[in-house]
Each structure stands twice: as C-alpha cells, then as structure tokens.
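I opened the model to look up a few things and kept short notes.

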Amino acid sequence: MEKRELICIGCPLGCPVTVSMEGGSILGVEGNTCKRGDDYARKEVTNPTRIVTSTVMVEGGTDAMVSVKTETDVPKEKIFDCIRALKGIVVKAPVHIGDVIVANAAETGVAIIATSDVK
Amino acid sequence: MSKVKEYDIVIIGGGPAGLAAAAEAKRSGTDSVLILERDQELGGILNQCIHNGFGLHTFKEELTGPEYAARFIAQAEELGIACKLNTMVMDIGSDRVITAMNRQEGMFQIQAKAVILAMGCRERSRGALNIPGYRPAGIYSAGTAQRLVNREGLLPGREVVILGSGDIGLIMARRMTLEGAKVKVVAELMPYSGGLKRNIVQCLDDYGIPLKLSHTVVEIRGKERLNGVTIAQVDSKGKPIPGTEEDYCCDTLLLSVGLIPENELSRGAGVAISPVTSGPVVNESLETNIEGVFACGNVLHVHDLVDFVSEEAKAAGRNAVAYVQGRKKNVSGREISICPADGVRYTVPSTIRREMMDDKLTVRFRVGNVYRNCFISMYFDGERVMHRKRPVVAPGEMEEIKLEKEKLLSYPDLTTITVKIEEE
C-alpha cells in the first residue's frame with residue numbers, strides 16, 4: 001500500500017491529509033476535517049486541478065486591467081495554456097463581474113470570466 | 001473650517017474591516033454611519049488580491065479578492081451607508097472629533113459618537129531589515145509588485161528572488177511565474193514559513209519554486225538596477241553562516257517580510273498599543289482604552305484570512321452601536337485579564353468584562369513557534385478548563401478559542417484566563 005501526504009488547499013486551514021492507495025485506486029482519505037478535503041485529496045492523486053486567476057487589459061475604462069478567473073477548476077497541466085489563451089486580449093469597458101472573457105479556455109470546456117467591475 | 005457634522009458611527013477605512021463593520025452597525029439599529037476612505041474606491045487591498053480562496057467561511061464559496069470586496073460594497077450600497085472617498089483622516093481628537101480633508105471640502109471636522117478604527121496594515125520595508133548593499137531600482141515590497149502586475153498591468157522584472165515567505169510573497173511567486181518571469185528562490189529567515197501551508201503547495205510546489213528556510217539576503221548588487229543578490233544560511237540566532245553564500249542573478253527582489261498595523265492615527269488619539277501586535281489593546285467589545293473608540297481587522301492585529309476580518313469587524317460594528325445606544329455603559333464589574341503564556345504570543349481581546357460580553361466570544365491568538373503534537377490549554381486562574389490536542393500549530397496561522405458567557409459567569413471570582421501551549 002502506498003501513502004501520499006498532502007496539504008489540502010480547499011481553504012486556508014490547510015489540513016494535512018493522507019491518501020492510502022493500492023495500484024492506482026484509493027483505499028481511504030484521512031486527516032481532512034471536511035468534505036471538501038476528501039474531494040481535494042481524491043482529485044489531487046488522480047487528476048489534480050486548480051482555479052487559474054489572472055488579468056486582462058481594458059480599453060476605455062477607469063482601470064487599466066480587469067481581474068479574471070477560470071469559472072471552475074481546470075487540470076493542473078492546463079494552467080499555462082489558460083494563461084496563454086488570455087494573451088493579447090483587450091476588452092472594452094464597461095466590464096462586469098461574471099462577464100465571459102474567453103468562452104472555452106485552452107479546450108478545457110471552462111470559461112474565463114471577469115472577477116471585477118470596470119466602469 | 002466648515003460646520004461640524006455629527007454621526008453615530010464613523011469608520012476610518014473602507015477595506016474589508018470597515019465595510020463589514022459599517023453594514024453590521026447599520027443592521028444593529030443606527031442610520032447614522034459614515035465611512036472615510038483615503039483611496040478612490042472601497043474594498044482596500046482586496047482589489048489587488050485577484051487570486052481565489054476568499055469567502056469560504058463568509059459565503060460558503062470560493063471567491064477572488066475583488067469578488068469578495070464587491071459583495072460587501074454592494075451590501076453597503078444597499079444599506080445606504082454614507083461614504084467619503086479620496087478622504088484622508090488627519091487626526092482623531094479628544095471627544096472623538098475627527099479632522100479629515102479631501103479636494104472637494106478641504107479640511108473639515110466630524111463629531112462621532114463612536115469611532116471604529118479599520119485602517120488596515122502596511123508592509124514592512126527594506127529599511128526595517130538592514131540588508132547591506134546598494135540601493136538600486138528593482139527592489140519592491142511584494143504588495144507593490146502585486147499592485148503593479150494586477151492593477152497597472154506592469155511586470156516589475158523578469159528574474160526574481162523573493163525574501164520572506166509571507167502570503168503575499170508566495171502569491172506573487174506564482175503570479176510573476178504565470179506572467180512569464182522566472183522566480184528563482186524564496187528565502188525565509190525563520191526555520192518555518194510565515195505564510196499559509198496551502199500557499200506553499202499551490203504557489204511554490206506547483207511551479208517547482210524552491211523555498212529555502214533559515215536563509216536570508218546578505219548582499220544586494222547593482223548600482224542603477226539590481227543585477228544580483230547573495231543568499232546565505234543563518235544559524236539559530238539568525239546570523240549568516242560564513243561559507244554558505246550563494247549568488248543569484250536577478251533584476252528584481254521582492255520583500256514579503258511582515259505586515260505592521262497602521263496605527264499613527266490611533267496613537268495620536270491616545271490609544272494604547274500592544275508591543276506584540278502593534279495594534280490597539282482591546283477589551284471584549286473590541287474597544288480600546290479610549291472610550292467609544294473601537295478597532296477591528298488588520299489595524300488591530302494582522303489576520304491571515306479576510307473571512308475572520310469580516311467576522312471581527314461585525315462584532316466591532318455591533319458593539320459600537322450598543323455603546324452609542326447606551327447598552328454598553330461601563331458597569332463597575334471586575335475585569336478579567338487574558339494572559340498569553342508558554343508559546344502564545346498575544347490574545348485579542350486582552351481583557352473581558354463579563355457583563356458586557358456576548359453569549360459567545362472569540363479569542364484569537366498566535367503562537368511564537370512551530371509546535372507539533374501539542375495541546376492548546378486554557379486555565380481559569382489555576383484550573384485547566386480546556387486542553388485541545390493539535391497535530392501542529394504555527395506562527396503563520398492564527399488560532400482561536402470560543403468563550404461562553406455562561407461558563408464565565410459560573411466562575412464569579414475569576415481574575416485571570418491563561419492561554420498556553422502544553423506538551424501534553
């Protein structure tokens with residue numbers, strides 16, 4: 001049996017979590033203090049994902065930049081592809097929280113949306 | 001100067017603490033609430049914290065900083081809370097007369113029945129560190145770099161070394177990497193990180209950025225622009241060990257070496273400041289030694305989580321209104337002092353008047369070192385009343401204990417509550 005020690009990143013508590021594995025299948029998760037920790041641990045050892053946050057330029061607004069994020073988490077190896085998908089994008093003000101900036105970022109099926117308002 | 005206006009509650013600072021305090025004050029039964037904010041917008045530092053991880057406690061979902069701020073700003077707008085932006089408070093005088101200025105009104109005074117201090121904190125600067133070497137361009141505090149990248153759209157440099165492993169430094173290690181910079185190393189003077197564990201995982205480990213504990217910058221090179229730094233290992237007293245020096249080529253050095261509550265105004269008002277937190281000493285109502293002056297958020301003590309700032313600020317807002325409405329007039333009850341000992345550096349609050357406390361009171365504190373398999377213990381005078389096992393506690397992560405009024409009332413002679421770390 002293999003044991004993998006992780007730190008849950010589900011919230012800032014950062015619980016130390018141990019995943020017991022046997023030949024690629026998960027036998028158990030220990031150390032988490034909530035459901036989120038269990039989910040995180042199972043994902044982290046099979047298909048780790050992250051939410052990606054960045055900024056894009058705004059034209060004609062009160063601010064130079066608007067902050068953005070992937071609407072849900074994306075596979076970890078797609079982080080830089082998502083960032084590349086934002087390169088060169090300039091949006092016109094006004095921008096509102098939730099506005100779709102990129103519909104399908106790097107073929108992940110996940111949209112990149114605005115996380116701040118720019119008038 | 002113009003005529004003095006009166007408000008029940010005046011809140012200094014429109015960041016997360018000020019916004020939460022204002023909303024709660026309004027909900028607690030007064031319409032007369034004013035926020036004074038020196039920036040051109042509300043939300044404070046959250047506006048440049050574009051990463052996710054905010055709001056899990058408050059909203060049960062994971063938000064970015066600007067989204068978290070936007071919810072509180074919308075709340076303040078819905079509640080019709082008055083607010084003056086671009087307004088700098090110059091002084092909090094005796095009897096809670098506030099002197100402030102802005103471009104439209106010039107200098108003016110406001111009479112507050114209660115004041116809530118919510119000014120936040122500031123980053124410790126290079127000047128406070130005594131790093132030898134030249135003073136070239138390319139040395140920034142992590143927060144300045146965060147502002148440049150996230151708000152202005154400017155990349156401060158291409159090859160980066162970060163000194164200090166505070167959360168902003170860790171977050172910026174990832175952010176600069178995503179923007180195409182090469183972050184070579186994060187050096188931390190202490191044998192443990194000052195940031196949250198989750199940020200080490202998702203900001204350093206994910207990108208293969210090394211964290212060197214017990215290391216510091218011993219030399220800065222470059223005359224006009226930074227061109228390199230030397231990092232050395234330090235001994236248990238923090239002194240560099242000869243022979244361990246390593247040179248790094250870099251054009252940028254970010255400092256993430258601690259935050260200091262911004263209490264110039266508080267000091268001017270005569271508020272007693274704790275030498276440990278650099279924030280006001282407060283009682284159970286988060287009231288300072290100056291009657292009617294309350295404090296919350298990072299101006300009181302530096303938090304790791306904005307969710308806890310909001311929670312604390314709500315309590316300050318509620319208590320300030322209770323004071324204004326005469327529900328918290330000082331009764332001559334005996335004050336219980338909370339005493340931090342053995343590994344616990346401080347507690348907020350530091351005194352309790354049990355007649356004045358809510359049914360439940362959160363006591364927040366930090367430890368001074370990393371302790372494994374330890375117990376957080378609480379004593380009511382000589383009697384141990386709590387002994388909670390913890391696999392690990394660390395200075396970078398704030399701890400809390402909940403106190404119940406009912407329990408305190410059942411100890412009528414109680415004078416001192418001690419919070420400490422015990423081995424077993």
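**Conventions.** This is a predicted model, in which local features need pLDDT of at least 70, side-chain atom pairs count only at pLDDT 80 or more, and totals for chains, interfaces and linings use all residues. Residues are numbered from 1 along each chain as its sequence is written, and chains are lettered from A and ligands numbered from 1 in the order in which they are written.

**Domains.** I found chain B divided into domain 1 (1–122 + 259–330), domain 2 (125–257) and domain 3 (332–424); such bounds come from an automatic or database domain assignment. The C-alpha centres of domains 1 and 2 of chain B are 32 Å apart. I noted 4 residues of domain 1 in contact with 7 of domain 2 in chain B (contact: C-beta atoms, placed from the backbone, within 7 Å).

**Helix H1.** I looked up H1 of chain B, residues 16–27 (helices are DSSP runs of H or I, at least four residues, and strands runs of E, at least two, numbered from the N terminus). Is H1(B) buried or exposed? 11 of its 12 residues are buried, so H1(B) is largely enclosed by the rest of the structure (buried: 20 or more other C-beta atoms within 10 Å of the residue's own, all placed from the backbone). Its buried residues pack against strands S1, S2 and S8 and helices H2 and H7 of chain B. After H1(B) comes B:Gly29, with a positive phi near 115°.

**Cores.** The largest nonpolar core has 84 residues (a core: buried Ala, Val, Leu, Ile, Met, Phe, Trp, Tyr and Cys joined through C-beta atoms within 7 Å). H7(B) gives the most to this core, 9 residues. Domains 1 and 3 of chain B both give residues to this core, so it lies between them.

Methods
Two residues are in contact if their C-beta atoms, placed from the backbone, lie within 7 Å. The expected span of a helix is 1.5 Å times one less than its number of residues.
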